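Have the model open beside you as you read.

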Amino acid sequence: MFNYIYGEIVDFGNSTVVVDVNGVGFELSVSGFTMADCQIGQKQRLYTYMQVKEDDISLFGFSTLEEKKMFLLLISVSGIGCKVAQAILSGMDSNSLALAIFNGDTRLLTKIKGLGKKTAERLVLELKEKVVVDAVEMVLPITQNPDLQINKDMQNAIAVLVSLGKSQADAEKLVDAAAKLGATTTEELINMAFRIN
């Protein structure tokens, strides 16, 4: 029903913020990361998800679309409700969470408060193929990293990405990131590159 709410932050709760929109105060449940982005007196756009239950209607707020998308992925997993998803998002930022799921790093996932081994394994099993990883910040362009060995598959993948409209530098960054995430063949490198923002 609501895509986002834009208004003035007027109050904080334990894990909630109140947004005043033309004299109406909306209380939204938020993660610790979204709460850190909010300041009382500041106008803020929060992307929303509305949960309707028999005896309750709740609004969940997110300061970024990435966090909202991750929330929607989390609640698609059997046994993970909105409150648990919000708690998970308070324990790790969206991109780190996506990377941990992508890499199948259940040890890292279980460091999130309230997330047990079985739930972490289920997250990896159900979301590994769905998460999108932002790996740009963790890699260097190949041209700036002379120690990196560029094999034939990497060269082919870069050429394909350039032919599809990517700049040479961006194509190199994406292929470097894809290789570091475990892709080896030309096809794997290209497919992985399209899953990286």
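Q: Where is N22 found in this predicted model?
A: N22 sits in the loop between β2 (16–21) and β3 (24–30).

Q: Why is N22 called exposed?
A: The relative accessible area of N22 is 81%. Exposed means over 50%, so N22 counts as exposed.

Q: What makes the phi of N22 worth a look?
A: Most residues other than glycine have a negative phi. N22 is a residue other than glycine, yet its phi is positive, near 50°.

Q: Which residues make the contact of α7 with α9?
A: From α7 come D153, M154, N156, A157, V160 and L161, and from α9 come T186, L189, I190, A193 and F194. Eight of these residues are nonpolar, two are polar and one is charged.

Q: Which residues of helix α4 (residues 94–102) are buried?
A: They are S94, L97, A98, A100, I101 and F102, where buried means under 20% relative accessible area. These buried residues pack against α2 (65–75), α3 (82–91), α5 (106–109), α6 (117–127) and α9.

Q: What is found at the start of α4?
A: A side-chain oxygen of D93 comes to within 3.2 Å of the backbone nitrogen of N95.

Technical notes. Residues numbered from 1 in each chain as written. Predicted model: local features only at pLDDT ≥ 70, side-chain atom pairs only at ≥ 80, totals over all residues. Heavy atoms only, no water. Contact = heavy atoms within 4.5 Å. Helix = DSSP H or I, 4+ residues; strand = E, 2+ residues; numbered from the N terminus. Nonpolar A, V, L, I, M, F, W, Y, C, P; charged D, E, K, R; others polar. Buried < 20%, exposed > 50% of the residue type's maximum accessible area, 1.4 Å probe, protein only. Polar contact = N/O pair within 3.5 Å; in protein donor to acceptor, adjacent residues only side chain to side chain.
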